[in-house]
Structure formats: C-alpha cells, structure tokens
Amino acid sequence: MPVEVTPGQGSHGISMWGAPGSGKTTFLAALSVALSRRNDDWKIIGSDPASTDYLLDKTKELSRGRLFPEASKVVERYHWTLMGPTTKKTRWWRRKPKIGDQTRIRVNMIDAPGGLYAQGGRAAEDLVDLRQRELLDSLAQGRGIVFLFDPIREFKVGDAFDHLHAPLTRLAERMLAADEMEDGKLPHHVAVCITKFDDRRVLETAMGRHLVGVEPDDPYGFPRVSDEDARTLFRELCRISRSGDAELVLNDLGKFFHPERIQFFVTSSIGFFMDRRRNVFDWDDSENLLPEESGQGLRVRGQVRPINVVEPMLWLGRRLAAADPAGVIPR
Ligand SMILES: Nc1nc2c(ncn2[C@@H]2O[C@H](COP(=O)(O)OP(=O)(O)OP(=O)(O)O)[C@@H](O)[C@H]2O)c(=O)[nH]1
Ligand SMILES: [Mg+2]
C-alpha cells in the first residue's frame, strides 16, 4: 500500500537556515541532480507548476550552465514530493512490490535570504521585519530545519552564531507561548550540514584529522566523511572560526533541540572536480570552482556531483513522517 505523508504547511515544513552565502539555494538547486546520480528509485517531483519550474530551471542552470544561483531576495516556498521505494518488507509470496507501492514524502520548503536570520524578527515595522516575521512563522509551523554551516565564511567572517542565536531565541519564545516546547526543547528535527566540503581548505582540515575515507563501492574514489565523523569535523571547523564564536553554535543546538533529533552531514552541492578522460578522482586537482570570465564571482568548473545533498532531506522526511504518524495516509 502506498504511503503518503500529508502535505499542509504544517509538520512537514522544512526551512533552510544559514548565514548569507552559506549555500542554501545552491543546495536546493543540486537536489535534482543529486537524485538523478543515485542508482535507486528516489526522485523529486514538484507539487505545483511553480515548484516544478524551480526544479527544472535551477537544475539546468547549475548542471548545464554551471552557474550558481543569485543571492536570494525574498522568502521562497516550494512544494515537492520525494518519491522512493517502499520501506516495507516484501512478503515471500509477493516476489515484487506492487505497482504504486512506494514511499512519498511531501516537502514544503522555505528558502530565505540569509540576512533575514541576522536579527531574529522583531516587531513588524518595516519590510525587513515583515519578512523576518514571515520566516519565523514558517519556522514555527514546520518541524524540519536544514541548518547550513559554511566553514569558509566562518573562517573569514565568523558569524554563524549571530545567524543562529537570535532567531532561535525568538522561535523558542513563540513555541513556548504556543505551549509547543517538548521537555524544554523545540520540537524540530535538524539536519546540520557542513557545506563546501569540495573546498580544499575544508578537505584538508578533514584529512588532517583523519576523518576522510573512500566508500568501498565508489568507482571514482571520491573522499567522504561519514555521518558518525561529521560532528567531529564540525567541532574542528569551529575552532578556526574568525570570531571564535562557532563553538557556541554547538552549545545552542544542544540547548534548543533534542540531541536525538540532530544529525550532522558533511556536504557539497557541486562536489569534487573529476577529469572525465581519466574518470578517477585526483587528489591534486580536486577543486570544482573557477573564477568567472568577467573576473566577478565563481562558476562551476566541471560536472556537478553533489555529496550528501539527498541524504539530509531523506533523513528529515523519514523523521518527520515517523514523528507525525497521523500524517501517513494509506491510500
Ligand atoms: N565550493 C563551493 N562553493 C559553493 C557551494 N555552494 C555554494 N557555493 C558558493 O557559495 C555562494 C553562495 O551560495 P548560495 O546558494 O547563493 O547561498 P545562500 O545561502 O542561498 O545565500 P543567500 O541567498 O544570500 O542567503 C555561491 O555563489 C558559490 O560561490 C559548494 O557546494 N561548494
Ligand atoms: Mg539563497
């Protein structure tokens, strides 16, 4: 029997959270490519024309045009369905799963400009505050967060904590007033994603701590950090924060969310460069960024090979479905 997770803005709402330029929009743009590269049955489908347009257009710009999205200006909402194989065991007398026997996870995604996370939503007096309130409303309604931590920005600017603490405190104020705190914590699940793993500085930090391995079934030999080691890498990257405040990010996450509802991932939306003639990862030539011909900005150098972009979404989708069984409708 197919399993469908209810739509609605409510419990299956997921918000992208992170400082400006931390890679939120690129992460979403890479989702379709990431799913296409997997040898399984998971796919993503828009639930309305605008959400489908986004998937088609952004995927094309990133993978064909090798262009990054522009900095976000407004709060964008997308409604998608992740469709995948059934998680149910097939009975011995049914050799194949029945047609229509698949898992469907509705994802209501919010992507906001990172700047909106800076203040944390005060009274709605001007446009920025209005947009901050809108963002806070979405966070309060949803139960999933993809928190992007950009180690490069943290090294250069060091403001991840500023973009976490104030809005988190505002969100807690809201949830407390609505009597929705559970055991003193927010009810959300959080996928903490370290972004830009393809950047040499991040890769070298992970290598220096012996956290990098290669998956045995990966024919190209791309470096990976396991989810078990992702938290350790996060801690290491916090130490080289410019402001020294990044360690407070970990403390805040632990204070505001249930530890079993936090999962760390080491990700890259564009992945590592690979020379297609050699068809194997080259440790000495791994960077997948190029300066734009105009000299302004960066573009993708080779093919887009996202790392750990689908996994946080599937983890969140499954967790939200399990946490809200009323949302699983047998059809
Ligand atoms: N090395 C590397 N750089 C990335 C990656 N993803 C994004 N970037 C860089 O980060 C920049 C910002 O990415 P965005 O996706 O626009 O970031 P954002 O968080 O949506 O930014 P705002 O919308 O301004 O809040 C891009 O223009 C790229 O230069 C990645 O996977 N690897
Ligand atoms: Mg953006």
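This is a predicted model: local features need pLDDT of at least 70, side-chain atom pairs count only at pLDDT 80 or more; totals for chains, interfaces and linings use all residues.
Q: Why is Arg77 called partly exposed?
A: Arg77, which is found in strand β4 (residues 76-85), has a relative accessible area of 33%. Buried would require under 20% and exposed over 50%, so Arg77 is described as partly exposed. The C-alpha atom of Arg77 is separated by 7.0 Å from that of Asn108, although these residues are 31 apart along the chain.

Q: What makes a residue part of the lining of the largest pocket, and which residues are closest to its centre?
A: A lining residue has an atom within 4 Å of a grid point of the pocket, and the largest pocket, with about 830 Å³ of space, is lined by 35 residues, of which Gly21, Gly23, Thr26, Phe68 and Lys196 are the closest to its centre. Helices α1 (24-37) and α4 (151-156) each supply at least two residues of this lining, which divides into 12 nonpolar, 13 polar and 10 charged residues.

Q: Which helices supply the lining of the second largest pocket, and what is its volume?
A: The second largest pocket has a volume of about 710 Å³, and of its 22 lining residues Arg37, Glu215, Asp218, Arg224 and Pro306 are the closest to its centre. Both α1 and α9 (310-323) supply at least two residues each, and the lining as a whole has 10 nonpolar, 3 polar and 9 charged residues.

Q: Why is a space called a cavity, and how many cavities of 30 Å³ or more are there?
A: A cavity is a set of points where a 1.4 Å probe fits but cannot get out, whereas a pocket is open. The count comes to 2 cavities of 30 Å³ or more, and about 60 Å³ of space lies in the largest cavity. Among the residues that line the largest cavity are Gly18, Ser22, Phe149, Arg153 and His163, and the largest share of its lining, 3 residues, comes from β6.

Conventions:
Residues are numbered from 1 along each chain as its sequence is written. Chains are lettered from A and ligands numbered from 1 in the order in which they are written. Side-chain values use heavy atoms; hydrogens and water are left out. On a 1 Å grid over the protein atoms alone, a cavity is a set of points where a 1.4 Å probe fits but cannot get out, and a pocket is an open set with protein on both sides within 12 Å along at least five of seven lines; lining residues have an atom within 4 Å of a point. Grid points are joined across faces, edges and corners, and a volume is the space filled by probe spheres set on the points. Helices (H or I, at least four residues) and strands (E, at least two) are DSSP runs, numbered from the N terminus. Ala, Val, Leu, Ile, Met, Phe, Trp, Tyr, Cys and Pro count as nonpolar, Asp, Glu, Lys and Arg as charged, and the others, Gly among them, as polar. Buried means under 20% relative accessible area, exposed over 50%, partly exposed in between (1.4 Å probe, protein chains only).
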